[in-house]
Amino acid sequence: MAKPKELPTGIAKARYETLKLTRNTALDRARANSKLTIPGLVPEDGQDANASFEQPYQSLGARAVNNLAAWLLVTLFPPDQHFFRLSIHEDAAEGLGSELSDAEAALARISGKAQLLVETSASRPVFMETARHLIIAGNALLYFPLEGGPPRMYRLDQYALLRDHQGRLIEAVIHEQVYPASLPPETLAACGVDVAEGEAKTKKLDLYTHIRVSGEDMVHHQEINAKVVPDSEGKSPRDSSGWMALRWQSVPGSDYGRAHVSEYIGDLLSLEDLNKAIVQFAAVASRIIYLVDPQSMIDVDDLAQAETGDFLSGDADRVKAVQLDKTMDFRVASEVAERIELRLSHAFMLQSGTVRNAERVTAEEIRAMAEELENVLGGVYTVLSAEFQLPLVRRLLYLLERSNEAPKLPKSVIPMIVTGFEAMGRNHSANKLRAWMADMTDIYGPEVVRKITDPSEVGKRFGVSYGIEALDALIKSPEALQQEAQAEAAQQTMQQAAPQAVKAVVDQAAQAQPEEGTA
């Protein structure tokens, strides 16, 4: 793609109309995915919050999306640990010498402040909604504001963008509609907006936000009626601008990503058709209709109006209930639907739908299944780590620097993501270590394993795998273990020598006493 040119202000609407032409295919797929999972998440043109959406015949799609979004949020941003750490480059760490521990402690405090900024800005609900849009639409635009507060998320139908050959954002235009009553009078006057008092809360205005790369910065401004909104211009370094064009799966050469739902749209469509057929069959089968032999002399009205316990005269064999001989067909549709639900449960990490229905399901089987489900998102974690987590970390550090809560960090300090794909690798290492120790114990016995393994080293490796911080403070050093061993040996020696010392004292006292009958 060509290098972005400097664009003048006042053309945000024109740029939006131009850029959205390449968005139509991705938007059509997103709307089709939304109809099968969460209707209205990506609405059609002209639909608003008051529109009624056609509900699907199955709820597995919505449950699968919400489950996967929650799993993704907990995996990328665990509530009980930091999702990144600041690491010092190896060359710089060697030059620090004894000051390395103090530098690492200072960096840990800075990462803690950044984590606190995420928690106090009410970001998690926005991140959850972003995850749902990524799963269904494959795309979402996220902005972390400079003045603090929760981030903003824009749907695919609200923006259009352009990427460079490396997939980085170079231009985007957001289209929103706002009420004139929500804008200051000076803004309306500067943009040439003249609305009657009664229309201030009913007639909406088109608001365009234009974002583009300018040199090493990312600049943005807003326009109404092709005029710049006062105090809407701003810029930040490109790497820490706060504008994050997210994708679920990157497609080389494309400005938009592909959704997780799109990869399994065939099963969702089949499940929708099968559930529709099953529901319609159940509705027909639930109708209770009786046929009465016209030659039976049974009064149909009396039969219909009879209460429970009433007596009527007639032949029961002359009254038959209408039945559908479609039980086998219904069973086939139900079995096929169950198999499709099982496949979708695997694809969307619904572990409750993938555990086999049996009396004895071992914990190892459930653990292996959970690990297999987690591997489904292995490729997605890499994209979100590069386009979501790392830009978010840079933005948080930039905000801390501007508020003088953290200094400007040198290039030797590298932010490292420790959740998502990195956590998967550590979990695999822990599982391998656990399996190796179990096999060694089964083959040689616990006594041999205890002799040939170092408990401290095993504990350190498990701690690293689980992401435990400050392991050195938890695991005793060899010097401390040696001192404790010496103290324990000395205590045992004293305990062993104590009975002999007591016996010697008693014998000495006995010898000192005079014998009976002596003067």
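A salt bridge is counted here wherever a side-chain nitrogen of Lys or Arg lies within 4 Å of a carboxyl oxygen of Asp or Glu, and by this rule the count comes to 14 salt bridges. The model is a predicted one, in which local features need pLDDT of at least 70 and side-chain atom pairs count only at pLDDT 80 or more, while totals for chains, interfaces and linings use all residues. Residues are numbered from 1 along each chain as its sequence is written, and side-chain values use heavy atoms, with hydrogens and water left out.

**View A. A salt bridge joins Arg31 and Asp45.** The closest N and O atoms of Arg31 and Asp45 are 2.8 Å apart. Arg31 lies in helix 2 (residues 24-36) and Asp45 in the loop between helix 2 and helix 3 (60-76), so the pair ties together parts that are 14 residues apart in sequence; helices (H or I, at least four residues) and strands (E, at least two) are DSSP runs, numbered from the N terminus. Arg31 is buried at a relative accessible area of 8%, whereas Asp45, at 65%, counts as exposed. In these legends buried means under 20% relative accessible area, exposed means over 50%, and partly exposed is in between (1.4 Å probe, protein chains only).

**View B. Asp293 and Arg318 meet through their side chains in a salt bridge.** The N to O distance in this pair is 3.2 Å. Asp293 lies in the loop between strand 11 (290-292) and helix 10 (300-305), and Arg318 in the loop between helix 10 and strand 12 (319-321), so the pair ties together parts that are 25 residues apart in sequence. Asp293 is partly exposed at 28% relative accessibility, and Arg318 is partly exposed at 32%.

**View C. Strand 5 pairs with strand 4 and with strand 6.** Two strands pair if DSSP finds at least two bridges between them. Strand 4 (residues 159-163) and strand 5 are antiparallel and share five bridges, with Arg163 standing opposite Leu169 of strand 5. Strand 5 and strand 6 (residues 205-214) also run antiparallel, joined by eight bridges, and Gln177 has Asp206 in strand 6 as its bridge partner. Strand 5 itself (residues 169-178) is mostly covered, eight of its ten residues being buried.

**View D. Gly167 belongs to the hairpin of strand 4 and strand 5.** Five residues stand between the two strands, and Gly167 takes a positive phi near 85°. The C-alpha atoms of Gly167 and Val251 are separated by 9.0 Å, although the two residues are 84 residues apart along the chain. Val251 has its place in the loop between strand 10 (243-247) and helix 8 (260-263), and is partly exposed with a relative accessible area of 22%.

**View E. Ile443, Tyr444, Val448 and Ile452 form a nonpolar patch on the surface.** Patches are made of residues with over 30% relative accessible area and no salt bridge, like charges being joined within 9 Å and nonpolar side chains (Val, Leu, Ile, Met, Phe, Trp, Tyr) within 5 Å. Together the four residues have about 420 Å² of accessible area, a value from the Shrake-Rupley method with a 1.4 Å probe, where for residues only the protein chains shown count as cover. Helix 14 (421-444) and helix 15 (446-452) each supply at least two residues of the patch. Ile443, which lies in helix 14, counts as exposed at 61% relative accessibility.
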